[in-house]
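Q: Here is a model I would like to go through with you. Can we take the labels one at a time and see what backs each of them?

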Amino acid sequence: MKFVDEAEITVEAGKGGNGCMSFRREKFIPKGGPDGGDGGDGGSVYLVGDANLNTLVDFRYQRRYKAQAGQGGMGANCTGKAGEDLYVRVPVGTSVVDKFTEELIADIAEHGQTVVVAKGGFHGLGNTRFKSSTNRSPTKATKGTDGEVRTLQLQLKVIADVGLLGMPNAGKSTLLRAVSAARPKVADYPFTTLVPGLGVVRIELERSFVMADIPGVIEGASEGAGLGFRFLKHLSRTRLLLHLVDAAPLDDADPVQQAQAIVDELASFSPTLAQKERWLVLNKADMASAEQLAVLEQRFRDELGWQLPIYRISAINSGGCDRLCQDVMRSVEQHRRRLAEDEDYKSEQAARDQRMELEIRQSIERSRAQRAAARQALEDDDFDDFDDDY
Ligand SMILES: Nc1nc2c(ncn2[C@@H]2O[C@H](COP(=O)(O)OP(=O)(O)OP(=O)(O)O)[C@@H](O)[C@H]2O)c(=O)[nH]1
Ligand SMILES: [Mg+2]
């Protein structure tokens with residue numbers, strides 16, 4: 001699932017250093033000539049593509065990027081030092097537009113791609129430069145020019161790294177609210193969430209991942225129960241699924257059976273998607289005792305053969321969410337690293353994605369055909385009624 005992440009930043013290149021106006025003045029050397037050196041160039045600001053970043057969230061915390069100014073020229077023909085360039089890392093896939101001219105400055109498409117976005121000012125010339133046969137003691141020196149200043153709009157199409165799966169009311173939207181700035185609606189009735197939503201989970205500077213919240217899934221979703229299962233497609237591009245389970249349901253529902261029902265729906269939607277790494281998250285831990293949770297956990301291990309991690313959280317007061325997000329972040333980073341370094345892994349993942357896409361397309365077509373047939377049957381019935389009445 002995609003959404004567009006946006007940020008606005010100001011980039012300021014350094015000013016060029018001024019040229020120096022000076023004359024050599026030493027004992028025994030009367031009327032020493034001009035010796036004012038040039039200034040140094042101002043530093044430029046560059047954007048660099050970085051495959052390890054995947055959101056623009058860091059740019060909400062720092063919005064101004066300023067490169068160093070060039071040093072002024074000095075006497076004794078000393079040139080000022082150039083200002084240092086500034087390299088700002090942005091995720092691969094970022095497009096960069098000048099806010100005022102609306103010109104597309106760059107599309108950062110590759111890791112390491114470097115684009116200048118604000119050019120440093122040019123250095124001023126010292127008075128030595130203006131020496132000539134007719135003017136032996138020039139008093140002219142020029143100033144360095146200003147560095148470019150630009151306001152940039154960064155845009156990035158973001159794909160979710162982790163998807164939330166679970167029954168209605170399990171607390172998926174509550175979890176997204178607890179760990180990101182996203183504000184999906186939360187309520188104590190099923191099907192609160194009607195459309196998928198995304199949020200950025202920021203762990204620390206330059207470490208973040210994207211979480212997708214989708215409408216709840218119920219048993220029979222593949223036959224169109226509830227909101228159906230078409231939203232499951234938004235889980236397909238993710239690295240990892242978190243299966244949220246209400247550990248203390250108010251009705252007599254059995255969390256283990258409910259979880260199994262969802263796994264079945266997932267498998268009938270796309271067997272490949274069902275094989276994706278899935279961690280179990282027991283939510284509403286505040287409503288159950290430690291013993292109850294331990295028993296539940298053991299039942300998942302015994303009855304569903306759950307081998308992967310199981311977490312206990314209380315999304316409503318953020319309990320346990322930190323540890324969960326740290327672990328998700330590590331797993332996502334490991335995946336990104338492997339994608340960048342391991343060709344076999346990359347092609348394996350691409351093949352899996354393709355297979356999944358095909359399965360998903362077939363499932364959605366099948367369910368569309370079923371719905372159309374059901375509608376047709378209903379219309380035929382209405383038609384019969386009509387016949388009967390008249
Ligand atoms: N006690 C307790 N209640 C929680 C917790 N997490 C969520 N809830 C409550 O559970 C209810 C459902 O939460 P939502 O986040 O809307 O659930 P959802 O999974 O997004 O539901 P749908 O959008 O309908 O699929 C709300 O009343 C929440 O306040 C928790 O950790 N503890
Ligand atoms: Mg919800």
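Q: Why is alanine 377 called exposed?
A: In this predicted model, alanine 377 has 10 C-beta neighbours inside 10 Å. The cut-off for exposed is 12 or fewer. Alanine 377 therefore counts as exposed. This residue lies in helix α6. From leucine 165, alanine 377 is 212 residues away in sequence and 33 Å away in space, C-alpha to C-alpha.

Q: What makes glutamine 349 partly exposed?
A: Glutamine 349 has 15 other C-beta atoms within 10 Å. Buried needs 20 or more, and exposed needs 12 or fewer. The count for glutamine 349 falls in between, so the label is partly exposed. Glutamine 349 also sits in helix α6.

Q: Why is serine 173 called buried?
A: Serine 173 has 25 C-beta neighbours inside 10 Å. The threshold is 20 or more, so serine 173 counts as buried. It lies in helix α1. Beyond its neighbours within four places in sequence, serine 173 is in contact with residues including Pro184, Lys185, Thr193 and Asp213.

Q: What makes threonine 193 buried?
A: Threonine 193 has 22 other C-beta atoms within 10 Å. Against a threshold of 20 or more, threonine 193 is therefore buried. Its place is in the loop between α1 and β10. Leaving aside neighbours within four places in sequence, its contacts include Ser173, Pro184, Asp213 and Gly216.

Q: Which residues does UniProt list for "binding site"?
A: The UniProt entry, which is unreviewed, lists Ser173 and Thr193. They are spread over 21 residues of sequence but cluster in space, with a largest C-alpha distance of 7.6 Å.

Q: What surrounds ligand 1?
A: There are 24 residues around ligand 1. Gly171, Ser173, Asp188, Thr193 and Gly216 are the closest. By class, the shell has ten nonpolar, ten polar and four charged residues. Helix α1 (residues 172-179) contributes the most to this shell, with three residues.

Q: How do you know that α1 is mostly covered?
A: Eight of its eight residues are buried. Among them are Lys172, Ser173, Leu175 and Arg177.

Q: What makes strands β2 and β4 a pair?
A: A pair needs at least two bridges. Strand β2 (residues 45-50) and strand β4 (residues 86-91) have six, in the parallel sense. In this pairing, valine 48 stands opposite arginine 89.

Q: In which sense do β2 and β7 pair, and over how many bridges?
A: The sense is antiparallel, over four bridges. That meets the requirement of at least two. Tyrosine 46 has valine 116 in β7 as its bridge partner.

Conventions: Residues numbered from 1 in each chain as written. Chains lettered and ligands numbered in written order. Predicted model: local features only at pLDDT ≥ 70, side-chain atom pairs only at ≥ 80, totals over all residues. Helix = DSSP H or I, 4+ residues; strand = E, 2+ residues; numbered from the N terminus. Near = placed C-beta within 6 Å. Nonpolar A, V, L, I, M, F, W, Y, C, P; charged D, E, K, R; others polar. UniProt positions renumbered as here; feature names shortened; annotations may be inferred. Contact = placed C-beta atoms within 7 Å.
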